[in-house]
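Here is a short briefing to read with the model open in your viewer.

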Amino acid sequence: MSVSDAERATAAVRSRFRTVLFAGGPVPSWHERAACASAPTSMFFPETGGTLQAVTVRAAKRVCAGCVVREQCLADVMAYESRAHRRYGVAGGTSAAQRSQRGRRHR
């Protein structure tokens, strides 16, 4: 049985989430229902700096805006990031900077 491009793309996104957002731990089950599951990983983890990053972040936020698991995503990422003390990429419809601000308000 061959692996489809969609399956490879999903596996790549899940791997990136494990590595970047969940320190290599299991990706939460809600991720299979996430709007980003079939989107390019680079959209949610753009290179830093410049106009391209701003455009990419806005595009990622548009994907998140209609996502059925956006709140779960944001809650899980905020919980992990509060322990890891690092923020990167777009998750739960927010940028790393927005999550930093939100984290400071909730301390």
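pLDDT is the predictor's confidence in each residue, on a scale from 0 to 100. This is a predicted model, so local features need pLDDT of at least 70 and side-chain atom pairs count only at pLDDT 80 or more, while totals for chains, interfaces and linings use all residues. Residues are numbered from 1 along each chain as its sequence is written, and side-chain values use heavy atoms, with hydrogens and water left out.

**Confidence and overall make-up**

- The chain has a mean pLDDT of 80, and 75% of its residues reach 70 or more.
- Confidence is lowest in α1, with a mean of 66, and highest in α3, at 90.
- You will find five helices and zero strands in the chain; helices (H or I, at least four residues) and strands (E, at least two) are DSSP runs, numbered from the N terminus.
- Of the 107 residues in the chain, 39% count as buried; buried means under 20% relative accessible area, exposed over 50%, and partly exposed in between, with a 1.4 Å probe and protein chains only.
- Among contacts with a separation of 6 or more, 50% come from residues 24 or more positions apart; a contact means heavy atoms within 4.5 Å.

**Helix α3**

- Helix α3 spans residues 50-65, which makes 16 residues, and it reaches 23 Å from its first C-alpha to its last, close to the 22 Å expected at 1.5 Å a residue. The expected span is 1.5 Å times one less than the number of residues.
- The buried residues of α3 are T56, V57, A59, A60 and C64. They sit on the same side of α3 because they cover an arc of only 165° around the axis, the arc being that of the directions from the helix axis to the C-beta atoms.
- Turned away from that buried side is a face with the exposed residues T51, R62 and A65.

**R33 and its partners**

- R33 belongs to the loop between α1 (5-21) and α2 (41-44), and it is partly exposed, with a relative accessible area of 48%.
- Not counting residues up to four places away in sequence, R33 touches V68, V69 and Q72.
- R33 and V69 are 36 residues apart along the chain, yet 6.9 Å separates their C-alpha atoms.
- The side chains of R33 and Q72 are joined by a polar contact of 3.5 Å. A polar contact is a pair of N or O atoms within 3.5 Å; within protein, one must be able to donate a hydrogen and the other to accept it, and residues adjacent in sequence count only if both atoms are side-chain atoms.

**The aromatic pair**

- The structure holds one aromatic pair. The pair counts as stacked because the rings of F45 and Y88 have their centres 5.6 Å apart and their planes at 25°.
- The pair links distant parts of the chain, 43 residues apart: F45 is in the loop between α2 and α3, and Y88 is in the loop between α4 (70-84) and α5 (96-105).
- Rings of Phe, Tyr and Trp (its six-membered ring) pair if their centres lie within 6.5 Å; planes under 30 degrees apart are stacked, over 60 edge-to-face, and the rest tilted.
- F45 counts as buried at 5% relative accessibility, whereas Y88 is partly exposed at 31%.

**T94**

- T94 lies in the loop between α4 and α5 and is buried, with a relative accessible area of 11%.
- A polar atom of the T94 side chain lies 2.8 Å from the backbone oxygen of A91.
- Leaving aside neighbours within four places in sequence, T94 is in contact with K61, L74, G89 and R99.
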